[in-house]
Amino acid sequence: MIDSIKNKNIVLVGFMASGKTLTSRELAKRLGIERVSTDETIETREGCSIADIFKTKGEPYFRQLERGIVREFASQTGLVIDCGGGVAANEENFDALKRTGISFYLNASPEAIHRRTKGRTDRPLLNVPDPLEKIRQLLAVRDPHYRKADHVVESNDDNIGKVVDDILHILKAH
Ligand code: S3P
């Protein structure tokens with residue numbers, strides 16, 4: 001166990017398809033600590049996919065669930081928290097997570113995000129005629145929020161091992 005993360009969480013934020021899920025899995029494995037995900041918890045509790053929740057109950061309902069789960073996770077310690085892309089764009093969410101966690105922004109370009117999400121339909125916000133333009137617009141609004149993370153880690157190529165190594169390196173120096 002790395003001393004700096006005792007009694008803390010590790011919080012991964014960033015845009016959709018920035019590598020948070022794979023990175024959080026590998027990081028939790030390497031550190032031998034529990035991993036949780038806001039999206040997966042919502043899907044398990046609601047018994048349906050995020051896309052279906054957006055479709056049947058709407059985005060405000062999803063955001064309300066998300067805020068509740070963020071508070072639950074932020075009140076615990078010893079977790080790697082994989083945050084859905086909208087979590088840290090909400091200031092109250094991010095403030096709560098930062099109180100108990102060391103946060104990392106996985107920073108990926110619009111082009112890398114577009115390459116990874118092309119042809120998929122599981123992210124309702126990107127099911128639009130011009131997804132690359134939508135990614136650019138949303139990222140421009142969200143990037144300043146994500147940058148309030150304690151650390152920024154570059155995540156443009158698909159090398160999750162490198163992202164995990166970078167995070168572990170930072171944690172050891174913390
Ligand atoms: C969202 C990101 C998604 C998911 C939902 C909304 C967003 O999570 O929470 O589709 O607002 O950016 P990922 O970042 O894991 O794709």
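How many disulfides does the structure hold? It holds 0 disulfides. This is a predicted model.

**Cysteines**
- A disulfide is a covalent bond between the sulfur atoms of two cysteines.
- Cys48 has 27% relative accessibility, so it counts as partly exposed.
- Cys83 has 1% relative accessibility, so it counts as buried.

**Nonpolar cores**
- In soluble globular proteins, nonpolar side chains tend to be buried together.
- Here, the largest nonpolar core has 34 residues. Those with the most contacts inside it are Val13, Phe15, Ile81, Cys83, Leu97, Ile113 and Tyr146.
- At least two residues of this core come from each of strand 1 (9–13), helix 3, helix 4, strand 3, helix 5 (91–100), helix 6 (110–117) and helix 7 (131–146).
- Helix 4 gives the most to this core, with 5 residues.
- Another core lies apart from it and has 19 residues, among them Ile5, Ile10, Ala28 and Ile102.
- Leaving out residues up to four places away in sequence, Phe15 touches Lys20, Ile113, Ile135, Leu138, Leu139, Arg142 and Tyr146.

**Helix 2**
- Helix 2 spans residues 38–46, and Thr38, Thr41 and Ile42 are buried in it.
- Seen down the helix axis, the buried residues fall within an arc of 100°, so they line one face of helix 2.
- These buried residues pack against strand 2 (34–37), helix 3 (50–57), helix 4 (59–74) and strand 3 (79–82).
- At the start of helix 2, a side-chain oxygen of Ser37 comes to within 3.3 Å of the backbone nitrogen of Asp39.
- Gly47 follows helix 2, and its phi is positive, near 70°.

Notes: Residues numbered from 1 in each chain as written. Predicted model: local features only at pLDDT ≥ 70, side-chain atom pairs only at ≥ 80, totals over all residues. Heavy atoms only, no water. Buried < 20%, exposed > 50% of the residue type's maximum accessible area, 1.4 Å probe, protein only. Helix = DSSP H or I, 4+ residues; strand = E, 2+ residues; numbered from the N terminus. Arc of directions from axis to C-beta. Contact = heavy atoms within 4.5 Å. Polar contact = N/O pair within 3.5 Å; in protein donor to acceptor, adjacent residues only side chain to side chain. Disulfide = S-S within 2.5 Å. Core = buried A, V, L, I, M, F, W, Y, C linked by side-chain atoms within 4.5 Å.
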